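Here's a handful of exercises to work through with the model open in your viewer. Try each task before you read its solution.

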Amino acid sequence: MSDAPNSDEFYKKLKVQLADTALWPSAYLYKFIVPTDIDKIKLVEKIFNNLGAVITTKQSKNGKYTSLSINVRMKNPDEVIAKYKEVAVKVEGVISL
C-alpha cells in the first residue's frame with residue numbers, strides 16, 4: 001500500500017471489502033514491515049497507542065527488517081484506512097500488508 005497513483009482506488013476497494021466482511025466495531029489485524037530501526041518501530045507503536053492494541057514484533061532472519069502485527073478493535077472501515085494512511089505518511093520505508 002504505497003502512495004502510488006492507484007492508492008485511492010485501492011483504499012476504496014478495501015473499504016468495500018471491510019464493510020462486506022465484518023460487523024463493526026470489529027477486531028482488525030494490521031501487518032507492517034519496517035527496516036529494523038528502533039525509532040521506526042516505536043513510531044508505529046505510538047500511532048496505535050491508547051487503542052488497546054496488542055502488538056507483536058519479529059525480526060527477519062538477517063535482522064534487516066522487523067514485522068509488526070497489530071491486533072486492535074476498530075470502530076469502522078474508515079478508521080482502519082485512516083491508520084494505514086497515517087502509518088504510510090509518518091513511517092519512512094514501511095510496507096503495509
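**Exercise 1. Find what sits over the ring of F48, then follow the aromatic rings from there.**

Start with the charge: the charged end of K83 sits over the ring of F48, 5.8 Å from its centre. For a charge to sit over a ring, NZ of Lys or CZ of Arg has to be within 6 Å of the ring centre and within 35 degrees of the ring normal.

Before going on, some housekeeping. You're looking at a predicted model, where local features need pLDDT of at least 70 and side-chain atom pairs count only at pLDDT 80 or more, while totals for chains, interfaces and linings use all residues. Residues are numbered from 1 along each chain as its sequence is written, and side-chain values use heavy atoms, with hydrogens and water left out.

Now the rings. The structure holds 8 aromatic pairs. Rings of Phe, Tyr and Trp (its six-membered ring) pair if their centres lie within 6.5 Å; planes under 30 degrees apart are stacked, over 60 edge-to-face, and the rest tilted. Take Y30 and F32: with centres 5.9 Å apart and planes at 15°, the pair is stacked. Y30 and F32 are both buried (buried is under 20% relative accessible area, exposed over 50%, partly exposed in between, with a 1.4 Å probe and protein chains only).

Next, F32 and F48: their centres are 6.2 Å apart with 45° between the planes, which makes a tilted pair. This pair links distant parts of the chain, since F32 is in strand β1 and F48 is in the loop between α2 and β2, 16 residues apart. (Helices, H or I with at least four residues, and strands, E with at least two, are DSSP runs numbered from the N terminus.) F48 has a relative accessible area of 1%, so F48 is buried.

Put together, ring pairs link Y28, Y30, F32, F48 and Y84 into a cluster.

**Exercise 2. Work out which residues of helix α2 are buried, and why they share a side.**

The helix spans residues 38-47, and its buried residues are I41, V44 and I47. They cover an arc of only 125° around the axis, so they end up on the same side of α2. The arc is taken from the directions from the helix axis to the C-beta atoms.

What covers the buried residues includes β1 (26-35), β2 (54-59), β3 (65-74) and α3 (77-90).

**Exercise 3. Is T66 buried or exposed, and what does its side chain contact?**

First place T66: strand β3. Its relative accessible area is 3%, so T66 is buried.

Its side chain makes a polar contact with the side chain of T36 at 2.8 Å. A polar contact is a pair of N or O atoms within 3.5 Å; within protein, one must be able to donate a hydrogen and the other to accept it, and residues adjacent in sequence count only if both atoms are side-chain atoms.

Leaving aside neighbours within four places in sequence, the residues in contact with T66 (heavy atoms within 4.5 Å) include F32, I41 and T57.
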